[in-house]
Amino acid sequence: MTLKLGSLTTIVASSSSMAKEILQKHDQSLSSRIVVDAVKISGHHESSIIWLPPTAQWRALRKLTNTHVFTTQKLDLNQSLRHRNLEELVSYTRQSANAGSVIDIGQAVFTTVLNLISNSFFSIDLADDFGSDSVCAFKDAVRGVMLEAGKPNLSVYFPMIRFMDLQRARHGMSKHFGVLDEIFEKIIQQKLLTIQSGEKKTGDFLDMILDPSHDDEVQLQQDLDMEEEFGFTLAKATRLQAIPTIRQ
């Protein structure tokens, strides 16, 4: 059974036999997701593992994350970081309790998780302190992206009115992406300066992407080519992005 909402077609598996047929024989064709109009504003969907369909580009990025982020060895190496961040959370909670201060649990947990992730990828604490302005700005931007991407938008169903941006979804998403792009741009530029100055590397995920010479003796260049191993090239554009390339 199919449902037609504007230009958007939805397939409904109305029986167990049809669901089995779809999941076992046509899962590759139906496994991608709809990229909502608001997400397309900055072009991130063209090189994001979140929005890409299961193509060679997506598999190249998935291989990269599986090799350098989610392996048991990498997770074990980051165990001390997780302990440190949890100890900071416990210490903050204890200090607030002793002072009789109200604790924003959501903010405190978000700060801890944010620092856990940023240390794994960049070897820095994105959040300087619980409740700091940097945490609030990042949290607001992430929440804004989720809200704009999740709320119903007429432009998804009727693409011909997309240019009017009737619900201001593209405008809002552009604002939130701008905040996140600025944060990550500063981190990347600082890491590039660190690499070029010859300082000791921390061995994090960003180090591996920006300086692949420790693997294949390739020197840092304007275009950072890792196609040999992972199938993508980092091109120095307005924003530094990982752009997967399809091999013929």
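Buried means under 20% relative accessible area, exposed means over 50%, and partly exposed lies in between, with a 1.4 Å probe and protein chains only. At 29% relative accessibility, Ser-123 therefore counts as partly exposed.

This is a predicted model, in which local features need pLDDT of at least 70 and side-chain atom pairs count only at pLDDT 80 or more, while totals for chains, interfaces and linings use all residues. Residues are numbered from 1 along each chain as its sequence is written, and side-chain values use heavy atoms, with hydrogens and water left out.

Back to Ser-123. It is in the loop between H6 and H7; helices here are DSSP runs (H or I, at least four residues), numbered from the N terminus. What does Ser-123 touch, leaving out residues up to four places away in sequence? Ser-118, Thr-202 and Asp-204, where contact means heavy atoms within 4.5 Å. The C-alpha atoms of Ser-123 and Gly-203 are separated by 8.5 Å, with the two residues 80 apart along the chain.

Next, the core. A nonpolar core is a set of buried Ala, Val, Leu, Ile, Met, Phe, Trp, Tyr and Cys residues joined through side-chain atoms within 4.5 Å. The largest one has 30 residues, and Met-173 is among those with the most contacts inside it. H6, H7 (133-150), H9 (169-196) and H10 (205-210) each supply at least two of its residues. Which helix gives the largest share of this core? H9, with eight residues.

Met-173 itself touches Ala-38, Val-39, Ile-41, Val-145, Glu-148 and Ala-149, again not counting residues up to four places away in sequence.
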